[in-house]
Amino acid sequence: MTLVVFASVVGIVTALLSLPIATSTGQRAPFADALFTATSAVCVTGLVTVDTATYWSPFGQVVILVGIQIGGLGVMTLASILGLAVSRRIGLTQKLLAAAETKTTRLGEVGSLLRAVLATIAVIEGALWIVLFPKYLLIGYPLGEALWHSLFQAISIFNNAGFIIEEGGLGQYAGDWWMVMPIIIGAFIGALGFPAILSISRNWRRPRQWSLHAKLTVATSTILWVVGTLAIGLLEWANPRSFGTLPAADRILNAMLAGMTPRSSGFSTVDIATMTESTWFIQDALMFVGGGSASTGGGIKVTTFAVMVLAILAEARGDPDIEAFGRRIAPTVLRLAVAVAFVGATLVGAGTLALLVLTDLHLDVVLFEVISAFATCGLSTGITANLPDSAKYVLSALMFTGRLGTMTMAAALALRDRRRVIRLPEERPTIG
């Protein structure tokens, strides 16, 4: 059901972007570009085959923004919120759908959770809008354009969408802390996920009472951000094509942004193509992990990564259980994490092979593009616009699968609980 609804939304956005009124020239956009942009918007990715600022008309940009908001919120959650607003109650079916989308297990809390989700979105996007609006006025934008640009940017930031409507991109703000810091903070919060945000908001003064999911998400996200910032900062510090010509303070700022954007936001003030292949490798790893569960981020999710790391540590220490923050993690969670990670790696491998066959590009740039699409990140080395239509369709499928595939598979596997009367004898095969 979730796949059908999301596919329908992508289809509607594609149809709207195919209208002549959606482009700045008044001509119909090629179907491959319309489909790619619609999928990228609804799956909050940010990869583009045409320049968002100049190719699309104000109507087209509004369609993209609506697609971003729907995709970030989640079609199932949005449907439940609309049902709540109309009837002031949620039916059992809607509760089950919302529970699957938001990873909530107690159905009685779904109504309050959905209100909290909507309130969270309004508060955070509103705060980003308020912070960015004066900046655009100071830059010199007229009142109406400043309102529009700051609104678009705020929604794109929180939803980790990576779309921008600034002509020339964000490179002009490489040393602007007022513009860059809201991107870092907003993207970090958006990538936490609604279950973690809800737990934190309920006990923000008592971190010890946060749920294990929230603790794992915040801790792992912070560690990945710090490691990414340090690694990319060191690798690019003296690179004259990227950070090397910037003042020291600006290099630190851009390293902080570069450490955050692979988590799924896709914003960059420095051309990714100018970075070293070592930096691309670090970004590949960060993009593959992605953001938090039920968040606007993509990837295999930070809790998946955290559980596998904890399992490795437990095995190295000889501990029989996987433990974190005073809690024991069930073996079924580890099996689910391994399944999600393996399926994600398989999709990336298949997508990479497909693009290598369809293009004459090298492995490094193809792998980067494929992981960015699967992880709904939006970073690119600059090859997207020049890809053949067949490759664009492959990336569109990866964006769609990356946004919904692992989540749907995880939910389906988590609901499976086959009871067996007879269990076979246990035997340990040799590993390693």
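These are my notebook entries on what I looked up in this structure.

**Entry 1: the whole chain**

I started by noting that this is a predicted model. I then counted elements: the protein chain has 17 helices and two strands. Next I asked what share of the 432 residues counts as buried. The value is 53%. I also looked at contacts between residues with a separation of 6 or more, and 69% of them join residues 24 or more positions apart.

I looked up F6 and found it in helix α1, which covers residues 2-17. Is F6 buried or exposed? Its relative accessibility is 0%, so F6 counts as buried. F6 and G74 are 68 residues apart in sequence, yet their C-alpha atoms lie 8.5 Å apart in space.

**Entry 2: helix α2**

I went on to helix α2, residues 31-42. It has 12 residues, and from its first C-alpha to its last I read 16 Å, close to the 16 Å expected at 1.5 Å a residue. How many of the residues of α2 are buried? The count is 11 of the 12, so α2 is largely enclosed by the rest of the structure. I wrote down the buried ones: A32, D33, A34, L35, F36, T37, A38, T39, S40, A41 and V42. After the helix comes V44, with a positive phi near 40°.

I wanted to see where a lysine sits, and picked K135 in helix α7, residues 110-139. K135 has a relative accessible area of 13%, and the cut-off for buried is under 20%, so K135 is buried. Which residues does K135 touch, leaving out those up to four places away in sequence? They are D176, W178 and M179.

Y136 is buried too, because its relative accessibility is 0%.

**Entry 3: α11 against α14**

I turned to how helices pack. The axes of α11 and α14 are 9 Å apart and meet at an angle of about 90°. That makes α11 roughly perpendicular to α14. On the α11 side the contact is made by H213, L216, T217, T220, S221 and L224, and on the α14 side by V302, T303, F305, A306 and L310. I reminded myself that an α-helix has 3.6 residues a turn, so residues three or four places apart point the same way.

How far apart are the end C-alpha atoms of helix α13, residues 277-289? They are 19 Å apart; at 1.5 Å a residue its 13 residues should span 18 Å, so the two values agree. I listed its buried residues as T279, W280, Q283, D284, L286, M287, F288 and V289. I then looked for what covers them, and found α11 (212-236), α12 (248-260), α14 (302-317), α15 (331-358) and α16 (363-374) among the elements that do. G290 follows α13, and its phi is positive, near 80°.

I placed K301 in the loop between α13 and α14. Its relative accessible area is 14%, so K301 is buried.

F325 also has a positive phi, near 50°, and is a residue other than glycine. I found F325 in the loop between β1 (322-324) and β2 (327-329). With a relative accessible area of 47%, F325 is partly exposed.

**Entry 4: α15 against α16**

What is the angle between α15 and α16? They pack at about 135°, with their axes 9 Å apart. That makes α15 oblique to α16. I noted the crossing of the two as right-handed. From α15, the residues G344, L347, V348, G351, T352, L355 and L356 meet L363, V366, L367, V370, I371 and F374 of α16.

Terms used
Residues numbered from 1 in each chain as written. Predicted model: local features only at pLDDT ≥ 70, side-chain atom pairs only at ≥ 80, totals over all residues. Heavy atoms only, no water. Helix = DSSP H or I, 4+ residues; strand = E, 2+ residues; numbered from the N terminus. Expected span 1.5 Å × (residues − 1). Buried < 20%, exposed > 50% of the residue type's maximum accessible area, 1.4 Å probe, protein only. Contact = heavy atoms within 4.5 Å. Axes fitted to C-alpha atoms, helices over the stretch in contact; angles between N-to-C directions. Parallel < 35°, antiparallel > 145°, perpendicular 65-115°, else oblique. Left-handed = near helix turned anticlockwise from the far one by under 90°.
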